[in-house]
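Hi everyone, thanks for making time for this today.

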Amino acid sequence: MASHLTLFLVALVAVLSTSTEAVWTQKNPGFKARITQSGLKFINDVGVSLLTKDIKGETIPDISGNAHVAIGKIDYTVSSMRITDFGIPTTSLTSKPGTGLQFQVSGGSISLHGDWRYQYKKAFIHISDHGSFDADAHGLNLNLVVKLGKDGTGRPTIAPAGCTGGVSSISVKFHGGASWLYNLFSGSIEDSMKHSLNSKVCDMVNKEITTRASQSLADLKIITSVGPYTELDYSLVDNPTFTTKYMETDHKGEFYPTGHFDKEAPFPVPAIDTTGASSKMVYMWITDYVINTAGYVFHTMGKLTYDISNDMISSTSPLQLNTTQIGFLIPKLKKLYPNMLMELVVKSTSPPTVNFAEAGVTGTLWADVDAYVVEPDATRTYVFTIAVIAHVEGSVGFSYPNITGEVTSMSVEMELKQSDIKTFSLMLIERVANSFIESTVIPDLNELGEQGFPIPEMDGLTYINPVVSLGKDYIRLETNLEYTPNL
């Protein structure tokens, strides 16, 4: 039972707490998670249901002791104990302010089967016997408090902070050996077993927490690789918070180049307003800082570079990438390089930025567009570079199980940065580009946005009445949960 309880608590901490081996000074979290009291009740109900299902067959450590019976004092050992039945107790899992979690059990019962052995020694008299037994323990109770924190690297930690527990009564039926005799004075042995068991309950639970639970958290593989170039750091930036209404964890939420956790993003982490977040079981806040660190990493690594050729453009598009069509906008190009294909190289000049606000999402991208003409021998000839600033506005929605998005406006500003075909006006090009964006790019983006991307799900868990909303510098997911066990 202690091992099941340990796994239950470790799983709860692991769901909310992840980290890396990086050392940092950040205080505000890029990502925040909250489980309210209704969420803890849900976790308690599911955990007890799984515990009831899986606990049968679990073993209990051997118990040794002595008892005073009619023939005198005997030394006994009960071993190979396994649980054969479990009576569902009344349980609760609550947040204990300033400390951690409190798990309470009352009114449970356990049936055991095991082996017994006793020895009686007095003077030259040596008597021993052995057999099996069945025992029923009633009035199972436990009051356990665990302290949750973080270590110097941001990993979650767990430690016992208080425990009382035991059973109110035990009845034993002996089998084998001279069991008919021992059953006559089983009451004395039952009292001794009850005392031994009650004295060991908290020792067993505390040992599981300080060894197995602590080690499980220390060994969590919690670096998340995102593609071949980046990793996402979910380390705790502060100890978990516990109030009478919820437990809450703050996570770093920063992208890094794979294996290089010393390259911090050079911009601050915004504060998160969590006011009024109490009616649902689970809340998650993701700041635009998380998204912007990804943009920063990809830009500094030179990964925001794209080659565009005409074969990548739909044949039905009104704008093709060749000197004939582009030449209508830049006559000098058509004159110098008639009837030739073109290629563009787009590369970021600054990290792209995204900003969340109640009114919607805004984004800005800075890039240079290098234009080349493809010669008949397939070599490329450089012709000009245009500096582009793209402004995007949009909104976020939710269509279960996907977060969806819609681009409401998108426009570009252009400046001729360099040219090998002399200076030319960008006024008409900018106007055509914005018209193309309005008629083609935005509808294509919104088609993708309507499909959306799925929110993370755990096996057996279903989000009930989830809501996605925007606030100043963050996107928030709030939801209730339902558990359906796999058959």
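**A walk through the model**

Let's begin with a cysteine: cysteine 202 is buried, its relative accessible area being 13%. Before I go on, please keep in mind that this is a predicted model. What does cysteine 202 form with cysteine 163? The two form a disulfide, and their sulfur atoms are 2.1 Å apart. The cut-off for calling a pair of cysteine sulfur atoms a disulfide is within 2.5 Å, and by that rule the count comes to one disulfide. Where do the two partners sit? Cysteine 163 is in strand E8, residues 156-166, and cysteine 202 is in helix H4, residues 186-218, so the pair ties together parts that are 39 residues apart in sequence. The disulfide is left-handed, because the torsion about the S-S bond is about -80°. Is cysteine 163 buried or partly exposed? With 21% relative accessibility, cysteine 163 counts as partly exposed, because buried means under 20%.

While we are at E8, look at the loop between strand E7, residues 125-150, and E8: glycine 152 lies there. Glycine 152 has a relative accessibility of 64% and counts as exposed. In sequence, glycine 152 and valine 237 are 85 residues apart, yet from C-alpha to C-alpha the distance in space is 9.7 Å.

Now to a sheet. As a reminder, strands of a sheet pair through backbone hydrogen bonds, and they can be parallel or antiparallel. Here we have an open sheet of six strands, in the order E16-E17-E18-E19-E20-E21, and the pairing is antiparallel. Which strands are at the edges? They are strand E16, residues 305-309, and strand E21, residues 453-454, each of which pairs on one side only. E16 is joined to strand E17, residues 342-357, by five bridges, and the two run antiparallel.

How far apart should the ends of H8 be? With 25 residues at 1.5 Å a residue, H8 should span 36 Å, and its end C-alpha atoms are 35 Å apart, which agrees. H8 also bends, by about 45°, at isoleucine 437. Isoleucine 437 is one of the buried residues of H8, and others include Ile429, Ala433 and Ile442. What do the buried residues of H8 pack against? They pack against E20 and helix H6, residues 323-329. After H8 comes glycine 452, and its phi is positive, near 70°.

Let's move to another helix. Histidine 299 is in helix H5, residues 288-300. This histidine 299 is buried, with 18% relative accessible area. Leaving aside residues up to four places away in sequence, histidine 299 touches Leu304, Ser348, Thr349, Ser350 and Pro351.

E13 pairs in the antiparallel sense with strand E1, residues 31-36, over six bridges, and phenylalanine 31 stands opposite histidine 251. E13 also pairs with strand E12, residues 241-242, in the antiparallel sense, over two bridges. In that pairing, phenylalanine 242 has methionine 247 as its bridge partner. E12 and E13 form a hairpin, with three residues between them.

There is another hairpin to look at, formed by E5 and E6, with three residues between them. Strand E5, residues 90-96, and strand E6, residues 100-122, pair in the antiparallel sense over seven bridges. Threonine 94 stands opposite glutamine 102 in E6. In the turn, glycine 98 has a positive phi of about 80°.

Last stop, helix H2, residues 37-54. H2 has 18 residues and reaches 25 Å from its first C-alpha to its last, close to the 26 Å expected at 1.5 Å a residue. Among the buried residues of H2 are Leu40, Phe42, Ile43 and Val46.

Conventions:
Residues numbered from 1 in each chain as written. Predicted model: local features only at pLDDT ≥ 70, side-chain atom pairs only at ≥ 80, totals over all residues. Heavy atoms only, no water. Pairing = 2+ DSSP bridges. Helix = DSSP H or I, 4+ residues; strand = E, 2+ residues; numbered from the N terminus. Buried < 20%, exposed > 50% of the residue type's maximum accessible area, 1.4 Å probe, protein only. Expected span 1.5 Å × (residues − 1). Bend = angle between axes of the 7 residues up to and from the residue. Contact = heavy atoms within 4.5 Å.
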